[in-house]
Amino acid sequence: MSYKTEKIWLDGKFVNWDDAKVHVLVHGLHYGSGVFEGIRCYKTCKGSAIFRLKEHLERFYNSAKIYFMKIPYSIDELKDVIVNLIKLNNLEECYIRPIAFRGLGGFSLDPRNNSVHVAVAVWPWGEYLGEGVREKGVRCTISSWIRVQNNMIPMMAKATGQYINSILACTEAHLKGFDEAIMLDSRGFVSEGSGENIFMVKNKTIFTPPTNASILLGITRDSVIQIAKDMGLKVIERDISKEELFLADELFFTGTAAEITPIVEVDHRPIGDGKVGPITKSLQQKFFDIIRGYDNNYSDWLYFI
Ligand SMILES: Cc1ncc(COP(=O)(O)O)c(C=O)c1O
């Protein structure tokens, strides 16, 4: 198993990977009552550094707040846990998965009296959407599954249960022979990928769906918006229609797992000339310079361990 490491942190203790277990009757398993994060630690030219750790942990606590979950550790305590866990597992570069979930305490759908468990795991993880996709891009389909709407489940929280919607879309895309799904919102506008935000380039301007399109407010999305603006590019957050996708000059996904992944085809229509476009390439280049520690203008995005 590629994600098997030495240690996992669970409820205050570093335990062996094989011992990081929970009971089958925990609330989170039955009803998806958990919140989680996905963070990356990169090997930079100055040592290992975690990308935008503060923002990820803030989102973790905000997700928990929405669901009345009190995480019994401070942000600083969890920062130390993450750093120590990476060191204990001797990893220079890894994906970091903090999770908080409701434990035993009954099966009421008001789980405020159930216990809250917190765990952190780290493991090496390469390109999320497949090997070589940074250079060659991915082929996508527009999902028959609609993104869960903000007023059904708050999409700004990263809760475990809501990912069942992404699981349907991603599995459907794979069964149809595509690499990833693009989901529309309940109004028919573009929302996001099953686990990534989406950007469109048209006439050298960059567009991305706004928060009311039921998106997760991605930290990579925020980073790319800032980088693009600093590069002098115009970035507009507005609704995008399905046909605009087909006629885009360039499309790409952003996400902690997906980083910046070009989209070269949507439902058998090549995007632009079907190759990775120049603006996507220059954003990728800048992003990788930043995460590798070569660009001092963004050094506050790196938390050295
Ligand atoms: C549904 C969804 N959208 C977008 C993203 C991208 O968010 P971030 O850049 O913060 O990883 C993710 C990944 O966490 C996600 O699961």
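Guide: What follows covers the domains and then some helix packing.

Guide: This is a predicted model, where local features need pLDDT of at least 70, side-chain atom pairs count only at pLDDT 80 or more, and totals for chains, interfaces and linings use all residues. Residues are numbered from 1 along each chain as its sequence is written, and side-chain values use heavy atoms, with hydrogens and water left out.

Visitor: Which domains is the chain divided into?
Guide: Domain 1 covers 7-123 and domain 2 covers 133-291; the bounds come from an automatic or database domain assignment. Their centres, taken over C-alpha atoms, are 26 Å apart.

Visitor: How many residues from each domain are in the contact?
Guide: Domain 1 gives 21 residues and domain 2 gives 23, with contact meaning heavy atoms within 4.5 Å.

Visitor: And what area do domain 1 and domain 2 bury between them?
Guide: About 1800 Å², 61% of it on carbon and sulfur atoms. Buried area is the accessible area (1.4 Å probe) that two parts lose on being put together, summed over both.

Visitor: Now helices. At what angle do helix 6 and helix 8 pack?
Guide: Helix 6 (residues 219-230) and helix 8 (residues 278-291) pack at about 110 degrees, with axes 10 Å apart. Helices (H or I, at least four residues) are DSSP runs, numbered from the N terminus. Axes are lines fitted to C-alpha atoms over the stretch in contact, and angles run from 0 to 180 degrees between N-to-C directions.

Visitor: What does that make helix 6 and helix 8 to each other?
Guide: Roughly perpendicular, a label for angles of 65 to 115 degrees.

Visitor: Which residues of helix 6 make the contact?
Guide: Thr220, Val224, Ile227 and Ala228, which meet Leu283, Lys286, Phe287 and Ile290 of helix 8.

Methods. Helices (H or I, at least four residues) and strands (E, at least two) are DSSP runs, numbered from the N terminus. Angles under 35 degrees count as roughly parallel, over 145 as roughly antiparallel, 65 to 115 as roughly perpendicular and the rest as oblique.
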